[in-house]
Amino acid sequence: MAEQKNERQARASSQAKEWLLAEEIELKTIYKMGTFEILDLPPGVIPLPSRFTYKIKRDKHGAIAKLKARLVACWDMQTEDEYSTTFAPTSCFTAIRTLISIATQEKLLLKHWDITGAFMTADIDTDIYMDLPPGYHLQPGKTIKLSKSLYGLRQSLGLFHDTLESWLVNYGFQP
């Protein structure tokens with residue numbers, strides 16, 4: 001089974017029903033998370049297009065665990081008035097190696113975690129309207145307005161960083 005590059009390929013594949021189910025699960029999940037609301041399209045606003053990306057998730061033995069569709073905004077269509085910054089700090093390899101070295105010397109247990117829907121935990125800092133991806137339609141004159149960040153937006157990583165930093169400070173960590 002191959003990963004699909006776009007909606008057309010996913011819908012034409014022999015796993016079309018499974019990919020469609022993955023898309024529906026993604027849309028329901030992000031709607032339940034409060035990522036967007038359905039509103040009237042304001043006059044003069046051109047909503048961003050969106051699309052799905054597709055990934056086959058495998059278990060530790062290489063067997064297919066699930067098919068994942070992720071809704072993403074088409075960032076290349078985003079205008080500068082729709083974002084304030086695109087900066088987000090990243091870890092350098094030297095810092096990671098230093099942490100691992102210290103943990104090894106001190107016989108500390110290292111753990112990592114994955115934040116499901118990480119970007120969708122961050123509140124968005126501007127009004128962004130978006131169309132649903134190809135194959136999904138709203139009533140005429142309706143669109144979705146993002147209230148949380150979404151994969152594909154230029155500012156998503158910075159907004160997630162600010163949210164994560166705020167959570168860590170609330171739990172007693174210092175920047």
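Buried means under 20% relative accessible area, exposed means over 50%, and partly exposed is anything in between (1.4 Å probe, protein chains only). Keep that scale handy for this predicted model, where local features need pLDDT of at least 70, side-chain atom pairs count only at pLDDT 80 or more, and totals for chains, interfaces and linings use all residues. Residues are numbered from 1 along each chain as its sequence is written, and side-chain values use heavy atoms, with hydrogens and water left out.

**The overall picture**

- The protein has 4 helices and 5 strands; helices (H or I, at least four residues) and strands (E, at least two) are DSSP runs, numbered from the N terminus.
- Going along the sequence, the pattern reads α-α-β-β-β-α-β-β-α.
- The C-alpha trace spans about 60 × 40 × 25 Å along its principal axes.
- Of the 175 residues in the protein, 33% are buried.
- Contact here means heavy atoms within 4.5 Å. Take the contacts with a separation of 6 or more: 72% of them come from residues 24 or more positions apart.

**The three-stranded sheet**

- An open sheet of 3 strands runs in the order β1-β5-β4, with antiparallel pairing; two strands pair if DSSP finds at least two bridges between them.
- β1 (36–40) and β4 sit at the edges with a single partner strand each, so one side of each has no neighbour in the sheet.
- Neighbouring strands of this sheet are turned by 25° against each other on average, direction ignored. For that angle, axes are lines fitted to C-alpha atoms (for helices, over the stretch in contact), and angles run from 0 to 180 degrees between N-to-C directions.
- β1 and β5 run antiparallel and are joined by 5 bridges.
- I38 has I144 in β5 as its bridge partner.

- L138 belongs to the loop between β4 and β5 (142–148).
- L138 counts as partly exposed because its relative accessibility is 28%.
- Leaving out residues up to four places away in sequence, L138 touches I38, L132, T143 and I144.
- L138 and I38 are 100 residues apart in sequence, yet their C-alpha atoms are 8.5 Å apart in space.

**Aromatic rings**

- A pair of aromatic rings is described by the distance of the centres and the angle of the planes. The rule used: rings of Phe, Tyr and Trp (its six-membered ring) pair if their centres lie within 6.5 Å, and planes under 30 degrees apart count as stacked, over 60 as edge-to-face and the rest as tilted.
- By this rule, the count is 4 aromatic pairs.
- One of them is W19 with Y54, edge-to-face at 5.2 Å centre to centre and 80° between the planes. This pair links distant parts of the chain, with W19 in helix α2 (residues 16–32) and Y54 in strand β2 (residues 50–58), 35 residues apart. Both W19 and Y54 are buried.
- F52 and Y136 also form an edge-to-face pair, at 5.9 Å centre to centre with 65° between the planes. Here F52 is in strand β2 and Y136 is in the loop between β4 and β5, 84 residues apart. Both F52 and Y136 are buried.
- W19, F52, Y54 and Y136 form one aromatic cluster.
- There's a charge over a ring, too: R70 lies over the face of Y151, 4.0 Å from the ring centre. That label needs NZ of Lys or CZ of Arg within 6 Å of the ring centre and within 35 degrees of the ring normal.

- Helix α4 (residues 156–170) has 15 residues and reaches 21 Å from first C-alpha to last, close to the 21 Å expected at 1.5 Å a residue. The expected span is 1.5 Å times one less than the number of residues.
- In α4, the buried residues S156, G158, L159, F160 and T163 pack against β4 (123–130).
- S149 is in the loop between β5 and α4, and counts as buried because its relative accessible area is 0%.
- Beyond residues up to four places away in sequence, S149 touches T35, F119, M120, A122, I124, S156 and L159.
- After α4 comes G172, with a positive phi near 100°.

**A non-glycine with positive phi**

- K107 is a residue other than glycine, yet its phi is positive, near 55°.
- K107 lies in the loop between α3 (93–105) and β4, and counts as exposed because its relative accessibility is 75%.
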